[in-house]
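Work through these exercises with the model open beside you. Try each task before you read its solution.

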Amino acid sequence: MARKKKEEEITIVSGKRDSDVITDLQVLAKDQLIGTVFQEEDERQFQITYENGRKGSALSIEDAVQSILADYNLHK
(Lines give C-alpha, C1' and ligand atoms only; values in the text may rest on other atoms or scores of the structure.)
Protein backbone atom coordinates (compact mmCIF):
# COMPACT_ATOMS: atom_id res chain seq x y z
CA MET A 1 0.00 0.00 0.00
CA ALA A 2 1.44 3.37 -1.00
CA ARG A 3 1.61 6.37 1.25
CA LYS A 4 -0.20 9.56 0.42
CA LYS A 5 1.98 12.42 -0.70
CA LYS A 6 2.28 15.09 1.95
CA GLU A 7 3.36 18.59 1.16
CA GLU A 8 5.59 20.06 3.83
CA GLU A 9 7.15 23.48 3.96
CA ILE A 10 10.94 23.39 3.78
CA THR A 11 12.88 26.47 4.87
CA ILE A 12 16.56 27.20 4.30
CA VAL A 13 18.07 29.77 6.66
CA SER A 14 21.53 31.20 6.12
CA GLY A 15 23.77 32.43 8.87
CA LYS A 16 27.37 32.82 9.86
CA ARG A 17 29.00 30.38 12.26
CA ASP A 18 32.31 32.24 12.75
CA SER A 19 34.83 34.20 10.69
CA ASP A 20 36.37 31.06 9.09
CA VAL A 21 33.09 29.76 7.68
CA ILE A 22 31.97 31.19 4.35
CA THR A 23 28.72 29.21 3.97
CA ASP A 24 26.39 28.15 6.77
CA LEU A 25 22.84 26.93 6.06
CA GLN A 26 20.17 25.36 8.22
CA VAL A 27 17.46 23.25 6.58
CA LEU A 28 14.14 23.26 8.46
CA ALA A 29 10.95 21.22 7.95
CA LYS A 30 7.93 22.48 9.87
CA ASP A 31 10.28 24.70 11.93
CA GLN A 32 12.29 21.64 13.01
CA LEU A 33 16.00 21.49 12.17
CA ILE A 34 16.63 18.53 9.86
CA GLY A 35 20.20 19.31 8.82
CA THR A 36 22.97 21.85 8.38
CA VAL A 37 25.34 22.61 5.53
CA PHE A 38 28.61 24.50 5.86
CA GLN A 39 31.81 25.10 3.94
CA GLU A 40 35.01 26.53 5.33
CA GLU A 41 37.17 28.91 3.33
CA ASP A 42 39.94 26.43 2.52
CA GLU A 43 37.65 23.46 1.74
CA ARG A 44 36.17 22.55 -1.63
CA GLN A 45 33.37 20.30 -0.38
CA PHE A 46 30.31 21.20 1.68
CA GLN A 47 30.00 19.42 5.03
CA ILE A 48 26.55 18.05 5.95
CA THR A 49 25.23 17.27 9.42
CA TYR A 50 21.94 15.36 9.47
CA GLU A 51 19.36 15.62 12.26
CA ASN A 52 20.49 12.30 13.77
CA GLY A 53 24.10 13.55 14.07
CA ARG A 54 25.45 11.66 11.07
CA LYS A 55 27.89 13.58 8.89
CA GLY A 56 28.50 13.63 5.15
CA SER A 57 29.83 15.79 2.35
CA ALA A 58 28.71 17.08 -1.05
CA LEU A 59 30.25 18.96 -3.95
CA SER A 60 27.51 21.61 -4.20
CA ILE A 61 24.90 23.28 -2.03
CA GLU A 62 22.13 21.77 -4.15
CA ASP A 63 23.51 18.25 -3.65
CA ALA A 64 23.85 18.85 0.10
CA VAL A 65 20.27 20.09 0.52
CA GLN A 66 18.96 17.26 -1.68
CA SER A 67 20.83 14.74 0.48
CA ILE A 68 19.31 16.19 3.67
CA LEU A 69 15.80 16.08 2.17
CA ALA A 70 16.29 12.49 0.95
CA ASP A 71 17.45 11.41 4.41
CA TYR A 72 14.51 13.21 6.03
CA ASN A 73 11.98 11.59 3.65
CA LEU A 74 13.52 8.17 4.15
CA HIS A 75 13.31 8.24 7.94
CA LYS A 76 10.05 10.14 8.47
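A nonpolar core is a set of buried Ala, Val, Leu, Ile, Met, Phe, Trp, Tyr and Cys residues joined through side-chain atoms within 4.5 Å. Buried means under 20% relative accessible area, exposed means over 50%, and partly exposed lies in between (1.4 Å probe, protein chains only). This is a predicted model: local features need pLDDT of at least 70, side-chain atom pairs count only at pLDDT 80 or more, and totals for chains, interfaces and linings use all residues. Residues are numbered from 1 along each chain as its sequence is written, and side-chain values use heavy atoms, with hydrogens and water left out.

**Exercise 1. Confidence**

Task: Find which element of the protein chain has the lowest mean pLDDT and which has the highest.

Solution. Start with the terms. pLDDT is the predictor's confidence in each residue, from 0 to 100. Helices (H or I, at least four residues) and strands (E, at least two) are DSSP runs, numbered from the N terminus. Next, take the whole chain. Its average pLDDT is 87, and 88% of the residues score at least 70. Now go element by element. Strand β2, residues 21-29, has the lowest mean, 85. Strand β5, residues 55-58, has the highest, 96.

**Exercise 2. The largest nonpolar core**

Task: Name the residues of the largest nonpolar core that touch the most other members, and state which element supplies the largest share.

Solution. The core has 14 residues. Those touching the most other members are V27, I34, V37, I48, A64, I68 and L69. Then sort by element. At least two core residues come from each of β2, β3 (32-40), β4 (46-50) and α1. The largest share is that of α1, with five residues. Finish with L69. Contact means heavy atoms within 4.5 Å. With neighbours within four places in sequence left aside, L69 is in contact with I10, V27 and I34.

**Exercise 3. The salt bridge**

Task: Locate the one salt bridge of the structure and describe both of its partners.

Solution. A salt bridge is a side-chain nitrogen of Lys or Arg within 4 Å of a carboxyl oxygen of Asp or Glu. Side chains of opposite charge can pair when their charged atoms come close. Here the side chains of D71 and R54 meet, at 2.8 Å from N to O. The pair links distant parts of the chain, 17 residues apart: D71 is in helix α1, and R54 is in the loop between β4 and β5. Helix α1 covers residues 61-75. Check accessibility next. D71 has 9%, so D71 is buried. R54 has 42%, so R54 counts as partly exposed. Last, list the contacts of D71. Not counting residues up to four places away in sequence, D71 touches Y50 and R54.

**Exercise 4. Strand β4 and its partners**

Task: Which strands pair with β4, and in what sense?

Solution. Two strands pair if DSSP finds at least two bridges between them. β3 and β4 pair in the antiparallel sense over four bridges. β4 and β5 also pair in the antiparallel sense, over four bridges. Now place some residues. T36 has T49 of β4 as its bridge partner. T49 in turn has K55 of β5 as its bridge partner. F38 stands opposite Q47 in β4. Five residues join β3 to β4 in a hairpin. The hairpin of β4 and β5 has four residues between the strands, and its G53 takes a positive phi near 95°. Is β4 enclosed or open? Four of its five residues are buried, so β4 is largely enclosed by the rest of the structure.
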